[in-house]
Amino acid sequence: MAPHIDAGPVASPPDGGWGWVVVFGAFISIGFAYAFPKGIAIFYKEIQDFFDTSYSEIAWVSSIMLATTYGAGPISSILVNRYGSRPVVILGGLLCGIGMVSAAFCTSILQLYICVGFITGLGLALNLQPSVIIIGRYFLKRRPIANGLAMAGSPVMLCTLAPLNQFLFDNYGWRGSFLILGAILLHCCVAGALFRPISAGKASIKTQSIEEGKEVLKDVSKDALEMDSPTNIPKETKTEEEEEKSCCEKVNKYLDFSLFKHRGFLIYLIGNVLMFLGFFAPIVFLAPYAKHIGIDEYSAAFLLSILAIVDMIARPITGIVANSKWVRPRIQYFFSFSIAFNGACHLLCPLASGYTGLVIYSVFFGLAFGMVCAMLFETLMDLVGATRFTSAVGLVTIAECCTILLGPPIGGMLIDTFGDYKYMFIKCGAVMVLAGTFLFIMNYYNYHMVAKEEKEKKAKEEDPKPVRTENEGRNNWNKEQVQDGPELEPLREEQEGLKKEANGTNEV
């Protein structure tokens, strides 16, 4: 791949135009990245019977896929900063296709972990991060709406994949279905081709001139060093120090570790890490739970479609509400409420008896899930800004991958231990209510501290007291010298006497 020519700080976001085509491409790539790990759960019951595995063992397939998708965030961010979004998404689409085609020939659950979990998960990671990043570069004022539309790709894909996967399984089995799904995932390459860099022509001219200027400065600096340095020893020490600095600068260029000193970022990180412990398990086990209580296969798959349809409607509406003048200044509160609402749905799920109850649960779950997903990255960009967003996404996703990896297997372990799904739903609900409450309280504290710091900053800028005190200090020092004259008369007389004696000796 050729080095990326990015306009980053050079070009301002156009807030429209080709940006809506980019949103469409992100709609496809984000849709596959989020929906595919959930939609593939349709095959779990049959794969579990085929390999004779437990609930927790089959749950590791989705867990490894989701954890790789999130954990490979820093790698994806580095590649985007180096080469741009377009080639990274195309590479991700190829990896997704290779992973699913390879999975069709697996003969053990361990091979499924590698092919579906790791290879396909890595491909989805290379689709997710660049799509989110490029929307932030194309939009500023309309960014919440653009993010909401792009995130709507997840429910649309899930709504399509759930019945499609059941149809493919009935006609081709799970191996043939994996072959067809591998071909479908290659459409991510087409989506990546739409991610055109902003004002590439202008950027290339400016980067070429900057590089030429740097080369000239390097030549001049080398000549100056050769003229000034008497020995070669200081040169070696300088080059070693420069190499150490350059390594640190390169790492910090791709991943800004100074974000860990950012109060708002740390609050967001802790809350999200806790939230993801119960975020994905209910979706992974929804269809198997419906089959477990005696609901037929197509009706069980249709529950995911209902969830996806409501999710699809909720995301753009949430984006519009979040962009309003009443919500956007305090969007972190809205995000905290969405997480707690999501957890409340899971806590009430065990009360649902029969298919009608699960349909009602799927409607409310889809609403809550869409609200969280629509604001997941918008709230992070609101905290750290667009310039540090790339590094922030990479650091957040690698921290979240631990709880994402453990969430579904812990849920499966609870099902294996108690033989009932309700403990899994209660665990996920309690964790998410706790995460929402934590974020609400800490965001209140953060907003209070930010307002206090802004007031202090304005007070320092407007109040000219430091200048006055310096002038007053000088005047007081002069006054003290004048006022202290009578007290110091004996010392002055002695000094005058010494001066006279010295003058007398000089005269002699």
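Predicted model: local features only at pLDDT ≥ 70, side-chain atom pairs only at ≥ 80, totals over all residues.
## Nonpolar core

The largest nonpolar core comprises 122 residues, among which Leu 112 and Phe 178 touch the most other members. Helix α16 (residues 354-384) gives the most to this core, contributing 15 residues.

Beyond residues up to four places away in sequence, Leu 112 is in contact with Ile 47, Phe 51, Ala 103, Cys 106, Gly 117, Trp 174 and Phe 178.

## Salt bridges

Four salt bridges are present in the structure. One of them joins Lys 291 to Glu 46, with 3.9 Å between the closest N and O atoms. Lys 291 belongs to helix α13 (residues 281-292) and Glu 46 to helix α2 (residues 44-51), so the pair ties together parts that are 245 residues apart in sequence. Both Lys 291 and Glu 46 are buried.

Glu 453 pairs with Arg 263 in a salt bridge whose closest N and O atoms are 3.3 Å apart. This pair links helix α18 to helix α12 (residues 263-275) across 190 residues. Glu 453 is partly exposed at 39% relative accessible area, and Arg 263 is partly exposed at 26%. A salt bridge also connects Arg 328 and Glu 378 (3.8 Å, N to O). Arg 328 lies in the loop between α14 and α15, and Glu 378 in helix α16, 50 residues apart. Arg 328 is partly exposed, at 25% relative accessibility, whereas Glu 378 is buried, at 2%.

## A buried lysine without a salt bridge

Lys 427 lies in helix α18 (residues 422-462). Lys 427 is buried but has no salt bridge, and the nearest side chain of opposite charge, Asp 416, is 13 Å away. Apart from residues up to four places away in sequence, Lys 427 touches Leu 277, Gly 407, Ile 410, Gly 411 and Leu 414.

How values were computed:
Residues numbered from 1 in each chain as written. Heavy atoms only, no water. Core = buried A, V, L, I, M, F, W, Y, C linked by side-chain atoms within 4.5 Å. Buried < 20%, exposed > 50% of the residue type's maximum accessible area, 1.4 Å probe, protein only. Helix = DSSP H or I, 4+ residues; strand = E, 2+ residues; numbered from the N terminus. Contact = heavy atoms within 4.5 Å. Lys, Arg positive; Asp, Glu negative; His and termini not counted.
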